[in-house]
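Hi,

Here is the model I promised to pass on.

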Amino acid sequence: MNRKFLALALASTALFTSTAYAEDVTLTIESWRNDDLALWQEKIIPAFEASHPGIKLKFTPSAPTEYNAALNSKLDAGSAGDLITCRPFDASLALYDAGHLTDLSDMEAMGNFSDVAKAAWQSDDGSASFCVPMASVIHGFIYNKDAFAEVGVEVPTTEAEFFAALDKFKEDGTYIPMAMGTNDQWEAATMGYQNIGPNYWKGETGRQALLLGVQKLTDEPWVAPYRTLARWGEYLGDGYEAQTYPDSQNIFTLGRAAIYPAGSWEISGFNTQADFEMGAFKPPVQNKGDTCYISDHTDIGIGMNAKTAHPEAARAFLTWVASPEFAEIFGNALPGFFPLSKTPVELEDPLAKEFVSWRGECESTIRSTYQILSRGTPNLENETWGASVAAIKGTESPEDLGKKLQEGLASWYEPQQ
Amino acid sequence: MSAPRFRWHIAVFLAPAVLVYTAVMIFPLFNTLRLALYSKIDQERVFVGLQNFYTLLGDPTWSDQFWNALGNNFWFFLIHMVVQNPIGIALAAILSHPRLRFAAFYRSAIFIPTILSFVIVGFAWKLILSPIWGIAPSMLDAVGLKSLFAPWLGKEEYALTALSLISVWQFVGIPMMLIYAALLSIPEEVLEAGEIDGITGMSAFWKIKLPLILPSIGIISILTFVGNFNAFDLIYTSQGALAGPDFSTDILGTFMYRTFFGFQLQLGDPYMGSAIASAMFAIILVGVCLYLFGIQTRMRRYQL
């Protein structure tokens, strides 16, 4: 009798604790997007918690430049959060190889994404996917509509028109034709080379050929963008050599420049800063009617810490992230970060709509240096930064730059040897 | 006869400093030296001996960067030696002049930048020199010298010199204070005796004061050397980890940071990073030893 009572009491406490436990599951999310803290707390987390009682979320971002180093040490120490926001390609692949991220290939919701979208978070042979793709960013040019109307310039579609437009702004003198600086280096590569490049190397065709070693960085499609960048220098503002990224943003949003070589992530910031109407045009093609190629770069994913104490809850969250509901909230709250799921999302922001419409007209590709090619030393991405700056400043000829990059790549990448 | 008692209080009083210093300085230093002998191969930490140093000095992709950073570091040091220290000595000599008014004010004003954070100094000077918002171009314009202005921080040929001069501006207060203290400690009698022999004004400085403050100048040189070869903050805050333009401002500190922690797509490599840190340690150690045994011991000292 006594014993039975004890057993019952034990069972009930066990039951009690387990229900209390289920109510208390809190998932912590590691991220570098500290800009998005408000968005997560006001929109994403309430929406998820409403549909998933029993799971609580905590979004704990750190500064973008510190994220990788901080996350690595947290993972090694076993104190990292349950969910890990994934950088594309090698940074996350290294985490997977070290056993920090769980293979999610068996998740049904992964079927909501195309192969290109998943490629940024897969093992090299594509057998394992370890992060759910969240968003991509698209490159193009944002322009000041008032300036275009005032000076009487048409939106350019070909390269000849593009330079004609720049010439006209230069002649007119009211506006700096193009707002970009080379001080921080990455803009020259990211918003310069990777922006206009895909039209030369034909997007994925060229990128894959480079990966396979069929094409070399000394080939025309890879050198030609540097030749075009070399012509940009004269259209940038005075002293562009010391102009930083925030300088360029400010020059454009203050209405002092006509064209801004951009990534779509600028949209939400520009919307609040600029008081003139903005439009966007895609990287100009060589001849009218050419197929256009755009950089639609997979930038953010989210995966699961292999050592999480709540794998079930974490999977439930990841399934939700893969759903159209999340895509809708995320895409509209953060115009310029485009959801990657196959179901199209209705966006409201006109500028973001313009950018995303190019997906239908052009072929998409990702930044050429991100997959595999920046694995060794010298690092191709970092070298490309320097090369793009040198091209714009005219300190080295495009051919020499191509040769230097090719030598660096061939020194460690077998297919190129 | 009992053995002399062990003096516990010495150990007790030394303990806090020794423990803290060991935990935050000695242990990390030796651990870094140890880490430089390892490498990561297939997720395993493997002992590779001096391999990392062979790579650093033998592989052109590494050695080019290393020599570039070292060369830049020497230039950085040279500018401090030729600009900062003479100016510091001159300022101290002027400040110690008994008839100078507002000496305390000048002393504080010149010393204040030293206590500012690198982040503030880097940011403020970047704004001052900015071709877009900066006051440097408009100030030059006001005196009709606009043509002399260039985006200095963005040009390969000027960037490092410009940054060195910013650093000089920030730290000129340190040699000034040390020399000032040394000058004040020179007894009046010595100067008066010189005066009787007809040594006054400038020649009193060159013939009496300068020889007496030479040991202080030696200390300042070695402090500058150690400080410059450990420098990192100013370059990082104003030019970023890639130390642009085109690595023209890359010094050992930024090179080590980039390698150790990684940058953008470049993954961090703690082992090569430690190798660079060890090389920095060795360079500083050799420099300090050369000074201590080669110069300091031979320096003539005067009983005052």
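This is a predicted model: local features need pLDDT of at least 70, side-chain atom pairs count only at pLDDT 80 or more; totals for chains, interfaces and linings use all residues.

Residues are numbered from 1 along each chain as its sequence is written, chains are lettered from A and ligands numbered from 1 in written order, and side-chain values use heavy atoms, without hydrogens or water.

Strand S3 of chain A (residues 83-86) is covered on both faces; strands here are DSSP E runs of at least two residues, numbered from the N terminus. A:Leu83 and A:Thr85 are buried on one side, A:Ile84 and A:Cys86 on the other (buried is under 20% relative accessible area, 1.4 Å probe, protein chains only). S3(A) pairs in parallel with S1 (residues 25-31) over two bridges, and antiparallel with S8 (residues 293-304) over four (pairing takes at least two DSSP bridges). A:Ile84 is the partner of A:Glu30 and also stands opposite A:Gly303 in S8(A).

Now the interface: 31 residues of chain A meet 26 of chain B (contact is heavy atoms within 4.5 Å). A:Gln185, A:Asn382 and A:Trp385 supply 19% of the area chain A buries there, more than any other three residues (accessible area lost on being put together, 1.4 Å probe, summed over both parts). There are two salt bridges between the chains (Lys or Arg side-chain nitrogen within 4 Å of an Asp or Glu carboxyl oxygen). A:Lys393 and B:Glu156 form a salt bridge at 3.2 Å, N to O.

Cheers

How values were computed. Buried means under 20% relative accessible area, exposed over 50%, partly exposed in between (1.4 Å probe, protein chains only). Buried area is the accessible area (1.4 Å probe) that two parts lose on being put together, summed over both.
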